[in-house]
Amino acid sequence: MRAILFLAALSASAQDAIEVLSARCWQCHTSKLAMSGLDLTTREAALKGGSRGASVVPGDTGASLIIQAVERKGKLIMPPAAPLAASEIEVLRRWVETGARWPKETAVKEPSWWAFRKPVRPKSGNKIDDFLQAGLKAAGLQPSPQAGKAALAKRLYYDLHGLPPTAEQVQEFLRDSYENQVEKLLASPRYGEKWGRHWLDLVRYSDTAGFELDSYIADAWRYRDWVIRSFNEDKPYDRFIREQLAGDEVAPEDPVAQTGTGFFCVGPNRDMFPDQADINRVETLTDFVDTTAGVFQGLTFGCARCHDHKYDPIPQRDYYRLQAVFAPAVKVRVPLSRLDSLGWERQENVYEIRLREIGEQIGRIQERCKKEGKAGDEKIRACLNENEAGQLKAVEKELVRMFTNYRAKPFACGVTDVGDYSPNTVIPGKGEEVKAGFPSALGGGDIPEQSFERPTTGPIPLTPTTGRRKALADWIASKENPLTARVMVNRIWQYHFGRGIVATPSDFGTRGRAPSHPELLDWLAVEFMQRGWSVKAMHRLILHSAVYKQAAQPSKPAREKDPENIWLSHFRRRRLDAEELRDAVLAATGRLNLKEGGRAVVPPLSEEELFNLIGKASEQWIVTGDESEHTRRSVYLFQKRTFRLPMLEVFDAPESMLTCSRREVSTTAPQALTFLNGAFVMKQARAFGAELAEKHDAELVQAAWIRVLAREPAAAEAEQARGFLVAQQKELGSRQAAAVELVRALLNSNEFAYVD
Amino acid sequence: MRPSHGIEIHRRTFLDRGIAGLGLLGLNSLLGAERWRGVVNPPHLKPRAKRVIFLYQAGGPSHLETFDFKPKLAEMHGKPMPESMTKGQQIAQLQGRPLVCFGPQHSFKTYGQSGQQICDLFPHIGGIADELCIVRSMHTEQINHDPAHTLMNTGSIITGRPSMGSWLLYGLGADTEDLPGFVVLTSAGKGGQMQPIAARQWSAGILPSRFQGVKLNSIGDPVLHIQNPPGISKDIQRDSIDAVNRLNRAQHGVLKDPEILTRVAQYEMAFRMQASVPGLVDMSDEPKHVLEAYGAQPGDGSFASNCLLARRLAERGVRFIQLYHRDWDHHGAVKQNVALKAQEVDQPTAALIRDLKQRGMLEDTLVVWGGEFGRTPMSQGGDGRDHHIKGFSFLLAGGGIKGGMSHGATDDLGYAAVEDAVSVNDFHATLLYLLGIDHERLSVKFQGLDVRLTGIAGRVVRDILS
């Protein structure tokens with residue numbers, strides 16, 4: 001009996017073993033990927049092993065590294081993510097014991113990790129709510145009823161505009177159909193300001209370079225405006241990708257498309273240290289690779305910089321193949337219009353000569369007084385004689401003439417290739433030269449070298465490029481790429497619901513979270529591509545679903561069974577993010593300036609708030625002179641990499657050193673201090689208080705509630721608020737001061753800072 | 001005081017309905033639940049120290065003019081560095097220049113019963129030589145300031161790793177509810193180098209942001225917005241906070257969102273900080289002899305004032321106190337510049353250690369003195385020294401440290417740590433050990449890795465433990 005069983009096992013063992021290898025090991029260990037040098041697709045390769053030595057020693061399980069690894073007893077543990085079942089280990093053990101035979105034909109199958117297979121339209125549903133049903137049912141939960149219309153108004157306004165609705169907008173919302181309102185909000189320029197901000201988080205946007213000197217990144221704001229405009233125009237996402245990765249190659253004649261390549265310029269860099277140019281270059285390329293892979297593909301490529309990725313099938317070679325795509329790329333100024341930029345250059349050349357002349361002139365005028373030991377502008381001015389003072393006045397007049405109507409320079413920042421050639425890319429420490437190409441695990445091959453045809457007649461063309469970035473952009477922005485659409489629809493979902501279907505939105509690898517609703521994710525991805533990569537079309541799908549319109553109040557079973565609200569039995573309340581809070585204070589108090597676009601606005605800060613600024617405020621924090629600019633939306637504020645606006649920092653604005661796919665939400669005492677005592681909130685509260693003080697009590701309370709909380713006060717609340725006003729008026733001696741206190745209290749309320 | 005009882009009652013009724021039960025008592029217990037007790041609870045090992053004061057000398061102090069006496073280097077002054085020593089080694093600004101020995105610019109003396117050798121510029125530190133463990137064999141991997149700071153603080157140069165203070169706070173929590181558990185203070189020297197220290201250096205990185213260091217301003221208000229708005233008295237402030245909290249609790253009554261209660265607690269914490277922080281920085285309760293011992297003039301933002309403030313923070317239960325004193329980047333005129341630094345740091349460093357000892361706190365406070373790297377034994381520009389990573393010195397004192405000893409050594413020219421070399425990871429492993437943490441067991445999952453302060457290295461330096 002025993003002998004028969006043994007023989008049966010022997011005959012079956014080879015096929016079973018290959019099935020285990022195929023399902024559990026080939027994701028990383030094929031001839032193509034060969035993570036750690038190991039290929040497990042042929043007997044010969046398996047016997048040879050990888051960088052750690054022989055993997056399979058026929059007949060000797062003790063000496064077979066593969067057995068040690070799957071048993072997870074030694075140092076090497078495989079597979080890293082999900083351990084093999086005992087039965088699978090047993091199959092492998094017997095297979096090795098009985099000589100590790102190989103069946104005649106073994107075809108290497110499709111990649112087995114879900115995110116690396118192309119999404120296909122599932123059969124089980126044709127709208128979002130269908131897909132959510134199953135999860136809810138399995139969890140024993142019911143969906144919540146629809147939220148009230150006023151709540152929906154506030155939700156939709158914050159979600160699409162990042163601003164509270166005004167009293168009139170709430171009224172209109174209540175009268176109008178939901179569908180109309182969705183269209184109206186999507187068509188507003190406020191939409192791009194809100195959703196562009198999400199994208200700016202992802203691309204680690206900042207107006208300065210970071211590190212010790214934190215130099216300005218010239219014209220970074222052009223890219224910021226390009227992002228906002230792209231969302232407002234509903235630029236197809238595949239186009240959006242192409243312009244960012246290779247605008248210069250995709251549309252060399254279109255400066256707007258080239259502005260997209262600002263994607264590469266708005267990251268951190270240490271270019272200001274010329275004596276470390278080689279290190280800086282490596283760091284820049286690392287930033288390009290990590291950001292590109294994380295943002296567009298949801299892959300944590302950075303791990304493969306120094307070694308094969310420990311968990312995902314990304315060999316170190318692939319890291320450098322992707323790096324090679326960027327090897328010829330350099331940062332350049334992109335002229336927005338040839339004519340304007342030529343004119344501007346000409347003007348600047350003249351200015352430079354004139355300014356040098358003026359500088360020397362000032363030196364000569366001040367010479368006498370300086371020799372007398374006077375220093376500093378005021379002392380020198382006091383010392384000037386009439387003649388000298390007259391000369392200085394003439395110089396000042398000339399300067400005024402020169403700089404009247406002085407405009408921003410007509411350039412954006414971007415990248416292009418040095419030419420149609422590239423430096424070689426070599427894996428550090430290994431010396432192996434690699435060709436530019438795409439991740440092997442996704443079936444990516446090498447990029448063929450492009451030959452550039454040089455015209456024999458006519459003007460010399462602009463710099464030719466290698467076409468590598470365009471090839472990468474085409475490969476990413478393709479319907480064949482299994483990750484691109486999934487990663488983006490997951491981000492859209494996350495920004496609407498506060499949590500992605502994949503909760504780790506920039507990690508779709510084996511260490512990321514598994515999708516809560518895999519079919520929904522695939523359905524959305526397919527819809528996204530079929531609807532022409534339209535982001536607004538995805539908003540419509542989501543905003544018109546029942547799940548989006550649910551009330552935010554969790555039921556008792558929901559609180560107990562699903563505290564994370566993974567199954568979306570109710571809408572997820574969220575705290576406003578840093579920019580929304582600042583904008584909402586301005587909007588509620590009637591002080592928001594809705595001007596769009598343009599150079600970054602630098603708001604005034606107190607000396608204490610500037611304490612953490614690196615360098616001199618006169619160079620590093622040049623306050624925008626026009627005061628009306630100070631109350632513009634936060635997305636237009638100057639973003640300095642080493643110094644976040646304290647008010648935004650305290651509410652978890654990202655640091656922008658790395659791509660940020662999900663903001664943290666902390667609740668801290670410094671936030672309370674900022675809103676209770678900070679000059680910014682106080683200033684707006686005072687302005688609004690002054691406006692309110694002219695109203696009768698009942699009117700005042702109602703106006704305060706509507707503007708700050710976007711709803712009418714309940715009768716009891718109104719009564720108590722009136723009592724508060726009376727008391728505070730006695731205490732503070734003025735009705736206006738009492739109104740300010742009421743506003744301050746409401747701005748500090750939880751209801752103001754959260755949206756249901 | 002309230003002007004009229006009637007008003008008080010009236011005011012207190014603002015939005016107060018339907019919030020029965022959650023009085024002051026309820027709030028306090030809520031706050032108790034709020035306080036972070038750490039993930040290493042109980043400790044892995046018997047803690048030798050409860051807190052750390054790190055006197056960080058930013059810019060890279062010359063070990064050759066502070067704690068590492070090299071007579072041989074004096075002999076070799078002006079002669080070329082032996083090529084065997086420097087060949088193929090990483091150097092910063094001296095790249096491609098001739099490498100010439102540059103002798104110590106100040107003389108050394110032996111101090112204390114232990115006979116520790118310390119530069120003449122530091123007589124006060126010399127006076128506490130028997131408390132000190134001088135580590136002369138530190139080495140690092142990063143030759144530029146920012147990455148070297150990052151390595152020293154986080155054990156790695158990968159962006160986003162938590163700093164050591166954040167690790168300690170995450171691991172152990174802090175013994176205070178009124179102050180942040182990880183506090184940073186900075187001071188600039190008279191040398192005028194304004195080389196910045198980025199806030200990234202005390203970032204919590206991949207840990208939640210509540211564990212990040214909070215930098216107290218050393219001039220003006222220590223915490224932003226700690227004072228009431230102009231014209232708002234403490235009573236009015238209390239009223240407004242009460243009104244806010246009532247609004248919030250009323251909302252909680254409906255929504256049952258625990259986040260609302262967290263927010264209520266944070267408003268209470270803010271109110272308490274408004275009371276406690278001014279007391280922290282108000283030095284009027286310090287006797288004159290203490291101020292004189294430190295050489296501190298309260299409110300001047302100097303290293304001396306910060307040292308005194310560090311003691312006050314330590315007394316109040318802060319876990320990790322990090323002082324950055326800038327200005328140690330002496331590419332030129334190292335002789336004059338180190339003398340200038342010594343004037344700023346010698347007396348307060350010694351005063352702090354004495355003060356802690358006198359209060360019985362030195363035994364459970366670990367004091368660290370050192371920078372991100374050392375400086376070359378070769379001259380730069382004839383009178384300065386370049387960045388140097390192969391060998392430099394640290395001072396340790398207090399909780400769990402053996403006093404009156406030195407550990408490790410550089411070679412005869414002060415170039416490389418050749419005896420009992422201590423890496424940055426080793427230093428971190430030792431620091432965690434002293435606080436009762438096994439550095440291999442304090443980790444957090446990130447992108448599939450178990451991220452640790454010590455990466456995949458680090459070894460406790462047992463020879464220096466008491």
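**Figure 1. Confidence in the model as a whole and in chain B.** Let us begin with the scores: the predicted model has an ipTM of 0.83 and a pTM of 0.83. For chain B the mean pLDDT is 87, with 91% of its residues at 70 or more. Residues 1-33 of chain B are a stretch to view with care, as pLDDT is below 50 there. Even so, this stretch has 41 contacts in the model beyond near neighbours in sequence. Where pLDDT is low, predicted coordinates should not be read in detail.

**Figure 2. The side of chain B that touches chain A.** Here 51 residues of chain B are in contact with 55 residues of chain A. On chain B, at least two residues each come from α1 (5-12), α6 (145-154), α8 (234-255) and α9 (258-281). Which helix gives the most to this side of chain B? That is α9(B), which supplies 9 residues. By class, the residues on this side of chain B comprise 21 nonpolar, 21 polar and 9 charged.

**Figure 3. The domains of chain A.** The domain assignment divides chain A into domain 1 (2-109), domain 2 (236-335 + 414-453 + 460-476), domain 3 (338-409), domain 4 (575-652) and domain 5 (677-755).

**Figure 4. Packing of α16(A) against α18(A).** Two packed helices are described by the angle between their axes and the distance between the axes. For helix α16 (residues 338-371) and helix α18 (residues 386-403) of chain A, the angle is about 160° and the axes are 10 Å apart. An angle over 145 degrees counts as roughly antiparallel, and α16(A) and α18(A) are therefore roughly antiparallel to each other. Their crossing is left-handed. From α16(A), the residues Y351(A), R354(A), I358(A), Q361(A), I362(A) and I365(A) take part. They meet E388(A), Q391(A), L392(A), V395(A), E398(A), L399(A) and M402(A) of α18(A). This contact between α16(A) and α18(A) has 8 nonpolar, 2 polar and 3 charged residues.

**Figure 5. Packing of α29(A) against α32(A).** On the α29(A) side you will find V681(A), A685(A), R686(A), F688(A), G689(A), A690(A) and L692(A). Their partners in α32(A) are Q736(A), A739(A), V740(A), V743(A), R744(A) and L747(A). The residues of this contact divide into 9 nonpolar, 2 polar and 2 charged.

**Figure 6. Backbone details in the loops of chains A and B.** In chain A, M78(A) and P79(A) are joined by a cis peptide bond with omega of about -15°. P79(A) sits in the loop between α3 (65-71) and α4 (86-97) of chain A. In chain B, a cis peptide bond links N41(B) to P42(B), with omega of about 5°. The loop that holds P42(B) runs between α2 (24-34) and β1 (51-57) of chain B. A34(A), a residue other than glycine, has a positive phi, near 40°. You can find A34(A) in the loop between α1 (2-24) and α2 (43-48) of chain A.

Notes
Residues numbered from 1 in each chain as written. Chains lettered and ligands numbered in written order. Predicted model: local features only at pLDDT ≥ 70, side-chain atom pairs only at ≥ 80, totals over all residues. Contact = placed C-beta atoms within 7 Å. Helix = DSSP H or I, 4+ residues; strand = E, 2+ residues; numbered from the N terminus. Nonpolar A, V, L, I, M, F, W, Y, C, P; charged D, E, K, R; others polar. Domains from an automatic or database assignment. Axes fitted to C-alpha atoms, helices over the stretch in contact; angles between N-to-C directions. Parallel < 35°, antiparallel > 145°, perpendicular 65-115°, else oblique. Left-handed = near helix turned anticlockwise from the far one by under 90°. pLDDT = per-residue confidence, 0-100.
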